[in-house]
Amino acid sequence: MRSYKGYPSRLVVLIVALVFILIVVTSVFLFNNQKKFVLDDEFMHLETISAYKQMQIDEWIRERVADANALTSNLNLIKSIDNYVKHRKTGDGDFIKTRFDAYINFKKYSAIFLIDLEGNLLLESPEKVEHIDSKVKAMALGSIEAKGALMGEIVHCDYHNEIHWDVYVPVYQDYFTKMNPVAIMIFRTDSYSFI
């Protein structure tokens with residue numbers, strides 16, 4: 001088939017068009033495959049990071065709960081708290097605060113405080129809390145039913161305009177039987193620096 005007056009034959013045009021279409025389809029197919037590979041790779045990378053972060057947070061929570069349980073298992077501290085709740089003796093309060101201060105200094109809590117079974121603030125260290133949010137009180141009082149340290153929910157406190165993530169642990173007269181609760185300790189974590 002010869003071209004007529006300089007025009008290519010229809011067969012040549014058809015072949016060029018088919019080659020062009022084949023190149024476009026192949027390019028789109030390769031691009032989509034490469035895009036899928038990159039996205040899958042990135043997803044697996046992010047999934048690994050997410051799992052690692054979740055593991056870190058779970059371990060951090062276990063450590064906070066263990067700290068709280070360790071402090072409230074101290075029989076001398078339980079006795080001082082029971083006496084302080086009943087008689088408000090300065091010596092008992094000072095002893096309790098030294099334990100709080102040690103945990104703040106060595107375990108990096110932002111504050112630890114003691115409330116009574118109605119949610120009233122009894123002691124705090126450092127002395128800056130002044131007010132306990134109603135959501136925090138409700139979770140703290142709920143720890144009595146749990147009979148042990150309880151990691152609370154993340155709460156935005158309107159009074160302090162801060163986010164609190166606390167560990168609540170009831171203090172019982174008899175630590176071993178978990179009978180006769182006398183107060184609740186609240187361990188305020190410095191979640192901004194960790195999370």
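A salt bridge here is a side-chain nitrogen of Lys or Arg within 4 Å of a carboxyl oxygen of Asp or Glu.

Some ground rules. This is a predicted model, in which local features need pLDDT of at least 70 and side-chain atom pairs count only at pLDDT 80 or more, while totals for chains, interfaces and linings use all residues. Residues are numbered from 1 along each chain as its sequence is written, and side-chain values use heavy atoms, with hydrogens and water left out.

Let's start with charges. How many salt bridges does a search of the whole structure find? Seven. I'll show you some of them.

Look at R64. Its side chain meets that of E63 in a salt bridge, at 3.7 Å from N to O. R64 also forms a salt bridge with D67, at 3.5 Å, N to O. R64 and D67 sit three residues apart in helix α1, residues 10-72, so about one helical turn separates them. A word on helices and strands: both are DSSP runs, numbered from the N terminus, with helices being H or I of at least four residues and strands E of at least two.

Buried or exposed: which is R64? R64 counts as buried, because its relative accessibility is 8%. The cut-offs are these: buried is under 20% relative accessible area, exposed is over 50%, and partly exposed lies in between, using a 1.4 Å probe and protein chains only. D67 is buried as well, at 8%. E63 is partly exposed, with a relative accessible area of 35%.

Next, helix α2, residues 75-87. D82 and K86 both lie there, four residues apart, about one turn of the helix. Their side chains meet in a salt bridge of 3.2 Å, N to O. D82 is buried, with a relative accessible area of 13%. Elsewhere, salt bridges with shared partners join E63, R64, D67 and K107 into one network.

α1 and α3 pack at an angle of about 155 degrees, with axes 12 Å apart. So α1 is roughly antiparallel to α3. Axes are lines fitted to C-alpha atoms, for helices over the stretch in contact, and angles run from 0 to 180 degrees between N-to-C directions. Under 35 degrees counts as roughly parallel, over 145 as roughly antiparallel, 65 to 115 as roughly perpendicular, and the rest as oblique.

Which residues meet there? From α1, R64, D67, A70 and L71; from α3, R99, F100, Y103 and K107.

Stay with α3, residues 90-107, and find K97. K97 counts as buried, at 18% relative accessibility. Leaving aside residues up to four places away in sequence, K97 touches L123, E124, S125 and E127. Contact means heavy atoms within 4.5 Å.

Now the strands. Strand β1 covers residues 109-115, and six of its seven residues are buried, so the rest of the structure largely encloses β1. Strands pair if DSSP finds at least two bridges between them. β1 runs antiparallel to strand β5, residues 179-189, and six bridges join them. There, A111 stands opposite R188.

β1 also pairs with strand β2, residues 121-125, in the antiparallel sense over four bridges. I115 has L121 of β2 as its bridge partner. β1 and β2 form a hairpin, with five residues between them. Find G119 in the turn: its phi is positive, about 95 degrees.
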